[in-house]
Amino acid sequence: MKEHPTELRRDLKTRQLTMIAMGCAIGTGLFLGSGLAISLAGPSVLVSYAIGAFIVLLLMGCLAEMTVAHPTSGSFGTIAEQYISPYAGFLVRYSYWVANVLAIGVEVSAIAIYMKYWFPDVPGYVWILVFAVALIYINATTVNTFATFEYWFSVIKISAILMFMILGAYLVFGSNSPDIGPQNFTNDGGFLPFGFSGLWIAVFISLFSFLGTELIAVTAGEAKDPDVAVPKALKATVFRLSTFYVITIALMLMIVPWQQAGGVDQSPFVKVMEMLSIPGAAGIMNFIILTAALSAMNSQLYASTRMMYSLSKATYAPRIFSRLNTKGVPLFALAVSTLGIFLAAVISSQSSVSYPFMMGISMFGAIFTWFMIFISHLYFRKAWERDGGRKLPVRMMGYPYLTALGAILLFALVITTWFTDFQIVLKFGVPWLLFLTIAYVFWKRNNPPQADQTNRSQSL
């Protein structure tokens with residue numbers, strides 16, 4: 001399965017792959033979404049994030065194995081097409097594309113919230129459009145320029161998280177204040193103030209925080225040595241994210257009561273700094289969190305652009321989206337992938353709840369894509385062993401049981417959303433799949449089987 005390797009340039013190094021995935025994942029999911037998760041689960045949100053990390057660990061195991069076998073920009077969409085069916089590949093590619101397009105809207109909506117800290121009277125859509133122009137320009141240049149910006153974006157926010165962890169640890173273990181310490185885990189309603197249901201719903205929120213780790217598989221089409229770089233980057237990303245998320249939230253909850261850390265009106269990290277009365281610290285933290293949102297938005301714009309490029313190469317989208325400019329960037333695919341930015345700008349100008357709304361509708365495509373990665377792995381491993389494929393440098397442990405467990409957990413989480421305030425996930429998701437199914441039927445009618453096979457063999 002090769003996707004014209006001479007077109008997309010293989011310039012990305014292992015450290016860049018890792019930082020791109022970290023940059024995409026460490027965004028508003030941690031800095032703003034964690035506040036929403038805390039308000040739903042209380043201190044038990046720590047278990048929620050641990051369960052989310054476990055699901056992502058299973059996902060990365062499956063993805064690493066398949067990506068090493070097929071390092072293309074179409075990634076799991078191409079794999080679903082090859083090992084399940086063209087219809088599955090069509091659904092996965094478009095669902096992942098729309099998930100990232102909408103996730104861009106989530107990040108840019110959060111940017112509007114962060115900027116209110118300094119400019120409360122400036123409309124949010126102004127900031128959305130200003131920062132959007134800058135990031136679109138970065139993505140329109142070479143992939144190395146994008147990777148360089150993303151690398152330093154990630155360095156800034158990872159350094160900030162480490163500093164927060166050091167400061168938090170000093171306050172927790174060096175302070176004699178009766179208001180700071182592990183007792184906050186059980187105060188005000190106990191560790192499970194909303195019961196198991198609150199803990200379980202917060203798992204769904206935690207998964208949004210991990211959205212972006214799969215981006216390494218998409219970048220494999222532009223990686224220098226995917227056999228080595230992809231597994232190494234995946235393992236490093238999952239370990240670092242799990243550590244950062246659980247430790248930072250644990251420290252946060254020990255420093256301030258969970259009721260004060262919850263909500264999405266302001267980042268809980270900024271709230272902690274304000275409560276500690278450290279001069280200028282809240283403003284600095286807000287700037288770092290703004291950088292994190294820009295970083296995640298930058299990565300998601302890259303991911304959606306490459307997935308649309310892959311759709312076009314497989315003839316599932318107009319050919320114009322696979323055209324590259326002189327710098328090797330699919331410029332038209334980039335343009336259509338900015339739709340989420342303008343959707344967020346419209347919603348921001350009309351409503352004050354754009355962040356939860358945008359997160360809800362973006363999550364279906366992400367969870368569906370992850371679910372299909374698990375299903376694809378079941379088909380992939382069976383076919384790979386049957387056909388006597390080369391011995392892969394990385395293999396998913398516990399196959400097929402852990403692969404099936406990951407799929408079951410994701411399916412259960414999506415069904416659960418119907419009984420919560422996140423009904424928008426299924427209200428958007430089910431019609432979306434029906435729309436894609438109808439679109440695929442029309443596509444098949446206009447593409448005879450022989451031409452279909454020829455076109456797909458050229459893109460694989």
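Begin by selecting residues 424-446, which form helix H19, where helices are DSSP runs of H or I with at least four residues, strands are runs of E with at least two, and the numbering starts from the N terminus. H19 has 23 residues and reaches 33 Å from its first C-alpha to its last, close to the 33 Å expected at 1.5 Å a residue, the expected span being 1.5 Å times one less than the number of residues. Within H19, show the side chains of Val425, Leu426, Gly429, Trp432, Leu436, Tyr440 and Trp443, which are buried; buried means under 20% relative accessible area, exposed over 50%, and partly exposed in between, with a 1.4 Å probe and protein chains only.

Before going further, note that this is a predicted model, in which local features need pLDDT of at least 70 and side-chain atom pairs count only at pLDDT 80 or more, while totals for chains, interfaces and linings use all residues. Residues are numbered from 1 along each chain as its sequence is written, and side-chain values use heavy atoms, with hydrogens and water left out.

Next, select helix H7, residues 124-140, whose 17 residues should span 24 Å at 1.5 Å a residue, and whose end C-alpha atoms are 25 Å apart, which agrees. Which residues of H7 are buried? They are Gly124, Trp127, Ile128, Phe131, Ala132, Leu135, Ile138 and Asn139. These residues cover an arc of only 125° around the axis, which puts them on the same side of H7; the arc is that of the directions from the helix axis to the C-beta atoms. Turn to the face of H7 directed away from its buried side, and you will find the exposed residues Val133 and Tyr137.

The following stops concern pairs of helices. Two packed helices are described by the angle between their axes and the distance between the axes; here the axes are lines fitted to C-alpha atoms, for helices over the stretch in contact, with angles running from 0 to 180 degrees between N-to-C directions.

Select H6 (residues 86-115) together with H14 (residues 281-313), whose axes come within 8 Å and cross at roughly 160°. That makes H6 roughly antiparallel to H14, given that angles under 35 degrees count as roughly parallel, over 145 as roughly antiparallel, 65 to 115 as roughly perpendicular and the rest as oblique. H6 passes H14 in a left-handed crossing, a term used if the near helix is turned anticlockwise from the far one by less than a right angle, with right-handed for clockwise.

Finally, inspect the backbone in two loops. Most residues other than glycine have a negative phi, and most peptide bonds are trans. Pro400, in the loop between H17 and H18, is joined to Tyr399 by a cis peptide bond with omega of about 0°. Thr315, in the loop between H14 and H15, has a positive phi of about 65° although it is not a glycine, and Thr315 is buried, with a relative accessible area of 12%.
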